[in-house]
Amino acid sequence: MNDSNVFLMISIFAISALIVNSIGIYVIYRNMKWVEKYKEYFMCFAAGVLISAPLISAFPEAIEKNHNAGFAALIGFVFMLFSNKLIKHHTKQEELAFGITAIQGIGIHSLLDGIIYTVTFSASIFTGLVSGIGLVIHEFTEGVITFSVLVKGGIKTKKAILYAFLVAGLTTPVGAFVAYPLVKRLSDSTLGLALGFVVGVLIYISAAHLLPEAKAHEKKHSMVALCLGIVLSLAMSFLH
Ligand SMILES: [Zn+2]
């Protein structure tokens, strides 16, 4: 497929991620009641998409490009596990430190989100689309969470909006665009490894991050939202 098409898709999704993230920040700032009510549904739906997309689309594609992609996926998963452990370990401190360390974690995570758009779309438009939809939806809760963490850390609301935008919103397109020239130069087999790594990261985000978070505040229809996410991915793959 055409390079400029790939770049266009990456741009559309990276910018959408930024916009959806900003909507999340705005909505929680305005203290809109429906956020608390529907946040879990967004998380469950995103988790459903983000567990299916790697398993039915990105992973087979990665293996096709490189038979060792499974190792890369394992590394991706373990990388997320330990970086999150590290963040958790540090967050046992006082309130402000909690805010700052968690924010560093979110910043790195959002940068990685951007890189994921670039890697998946470079592998194929379809793989990019399936995982991209799940990712964009999870950006909403990410905006909500980032703002809340900052405010809990004692940062004034106006400043918290700006910081949340910089840390969780802007980092995603930055990650996508900075990664683009590098990913473009990768050989097909190296791209397979990069995609494998991304698969591990996505499975971690959905299974170990979004799902437990959603389960902790389980609502009546949260499993329905999760299944809808899975159905959407399946439908896309059948249409493909
Ligand atoms: Zn994210």
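**View 1. Helices α1 and α5 are roughly parallel to each other, because angles under 35 degrees count as roughly parallel.** The model is predicted: local features need pLDDT of at least 70 and side-chain atom pairs count only at pLDDT 80 or more, while totals for chains, interfaces and linings use all residues. Residues are numbered from 1 along each chain as its sequence is written. The axes of α1 (residues 3-29) and α5 (residues 125-152) cross at roughly 25 degrees and come within 7 Å. Helices are DSSP runs (H or I, at least four residues) numbered from the N terminus, and their axes are lines fitted to C-alpha atoms over the stretch in contact, with angles from 0 to 180 degrees between N-to-C directions. By class, 14 nonpolar, nine polar and two charged residues form the contact of α1 with α5; Asp, Glu, Lys and Arg count as charged, Ala, Val, Leu, Ile, Met, Phe, Trp, Tyr, Cys and Pro as nonpolar, and the others, Gly among them, as polar.

View 2. The 27 residues of α1 reach 39 Å from first C-alpha to last, close to the 39 Å expected at 1.5 Å a residue (1.5 Å times one less than the number of residues). Buried residues of α1 include V6, F13 and I28 (20 or more other C-beta atoms within 10 Å of a residue's own, C-beta atoms being placed from the backbone). N31, which follows α1, has a positive phi near 60 degrees.

**View 3. The largest nonpolar core has 76 residues.** Such a core is a set of buried Ala, Val, Leu, Ile, Met, Phe, Trp, Tyr and Cys residues joined through C-beta atoms within 7 Å. A47, L195 and V198 have the most contacts inside this core. Its largest share, 15 residues, comes from α7.

Terms used
Helix = DSSP H or I, 4+ residues; strand = E, 2+ residues; numbered from the N terminus. Parallel < 35°, antiparallel > 145°, perpendicular 65-115°, else oblique. Buried ≥ 20, exposed ≤ 12 C-beta atoms within 10 Å, placed from the backbone.
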